[in-house]
Amino acid sequence: MNQAHRAAKAFLAQHGRAPLGVWSAPGRVNLIGEHTDYNDGFVLPFALPHRIAVAAAPREDGLLAVTTISDNGRAQPAAPVAVADLEPGSVTGWPAYPSGVAWALRRQGYDIGALGGDIGAMGGADLVIAGDVPAGAGLSSSHALECAVALALLGLLGHELDAGDAPSRQQIARWVQHSENDFVGAPTGLLDQTASLCCTKGNVLFLDVRSGESEQVPFDAAAEDLAVLVIDTRASHSLADSAYGERRRGCERAAELLGVAALRDVAVDDLPSALGRLPGELAPLARHVVTENARVLETVELLRAGKMAQIGPLLTASHESLRDDYRISCAELDVAVDAALSAGALGARMVGGGFGGSAIALASTAILDDVRRAVNAAYSERAFTLPRLFVAVPAAGAGRDETAEDRQTDKNEHDA
Ligand code: GAF
């Protein structure tokens, strides 16, 4: 059963009525372009087939009531909150993610608390959430949740994604970021929300975060006898949250000292002189960001030229830069990358925020089992919890899912 059906079925069981619709959004991996998004740079993510689905229907009491469905099917309802009372700090823990989205949309004039329109603040919504994006794996499960909630709330308000009067996907991504930064309190960039909303099946998304310009670049690894293996290390270190903010502030300070709006504005050729003007602790951060942006551009060129197998060294260089200059790797990520490379992978790197989560390896399909075995063996040797391994193929971005009710409506219209 896919996640949309799980969510719809659980909604019926929980609320005794069918949802008005189901909307879902995927997790992501980033092929390359890490910690470049909040430096106005370039990223190259693709959507995973793993999704978070939100079944939703309006209420009449102004409350937002959110229930999650665990893997074993158990419903976990959060305490309902009044949409009109939502303010940063008013909701904590995981319910802050859906609540923050309702708050951010309300600030843009899309007020789920006033669904009834002329009956005033009598709206609200019931949301039931099911998903299979591994949590805490650096695959962006929280952003998938936020994006699916955003689409569900906008859908309930009559602004179906991609319809004439609907906000654009990139606009919604910015509102989700606003919710994450200012309601949840995580200073993240735009990579994950945009990936979840704007990626398309079969492609990587080349995004210039500053201009918002994007390009869908075909990425059919199987056609080249290649595969992207995702290695979820199952490790997560407590440094992750504080280190992210520190790195971000470091980059902003470096840009300020160099007199540019963002590190994106430093050209690779100007790097040596720029580094000479930065204090010791900021220079490696700037070096990572500037060289990583260049690696994204090079990767895109190679993909456009049909030379996928040649991107491997760029992926590995990205990992080395994140490990040595940005200093956000950890033993589990380094061991996974080293083992994959020793087994013959063309390239491998950590993905996401760092200090745990996942790595990816690009390898020929002929040696994929060797790579899996090598990573597992290296983990066993160090007594690490064995990683979760899967091959990732670019999947579709967020959207409304067809439910049994939609199909019935279509059939009725057809029969009429
Ligand atoms: C996390 C953040 F949410 C993204 O915005 C991005 O900065 C990423 O880390 C690193 O590239 O996923």
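At what angle do helix α8 (residues 283-304) and helix α9 (residues 312-324) pack, and how far apart are their axes?

Guide: A word on the basis comes before the details. This is a predicted model, in which local features need pLDDT of at least 70 and side-chain atom pairs count only at pLDDT 80 or more, while totals for chains, interfaces and linings use all residues. Residues are numbered from 1 along each chain as its sequence is written, and side-chain values use heavy atoms, with hydrogens and water left out.

Helices α8 and α9 pack at an angle of about 170°, and their axes are 10 Å apart; here axes are lines fitted to C-alpha atoms, for helices over the stretch in contact, and angles run from 0 to 180 degrees between N-to-C directions. Helices are DSSP runs (H or I, at least four residues), as are strands (E, at least two), numbered from the N terminus. The angle makes α8 roughly antiparallel to α9, given that angles under 35 degrees count as roughly parallel, over 145 as roughly antiparallel, 65 to 115 as roughly perpendicular and the rest as oblique. The crossing of these two helices is left-handed, a term used if the near helix is turned anticlockwise from the far one by less than a right angle, with right-handed used if clockwise.

On the α8 side the contact (heavy atoms within 4.5 Å) is made by His288, Thr291, Glu292, Arg295, Glu298, Thr299 and Leu302, and on the α9 side by Leu314, Ala317, Ser318, Ser321 and Leu322. By class, this contact has 4 nonpolar, 5 polar and 3 charged residues, where Ala, Val, Leu, Ile, Met, Phe, Trp, Tyr, Cys and Pro count as nonpolar, Asp, Glu, Lys and Arg as charged, and the others, Gly among them, as polar.

Another pair is formed by helix α10 (residues 331-342) and helix α11 (residues 368-381), whose axes come within 8 Å and cross at roughly 140°. These helices are therefore oblique to each other, and their crossing is right-handed. Glu332, Leu333, Val335, Ala336, Ala339 and Ala340 of α10 meet Val371, Ala374, Val375, Ala378 and Tyr379 of α11, a contact with 10 nonpolar, no polar and 1 charged residues.

The unreviewed UniProt annotation "domain: Galactokinase N-terminal" covers residues 10-58, where the chain is 12% helix and 53% strand, with the end C-alpha atoms 16 Å apart.

Technical notes
UniProt positions renumbered as here; feature names shortened; annotations may be inferred.
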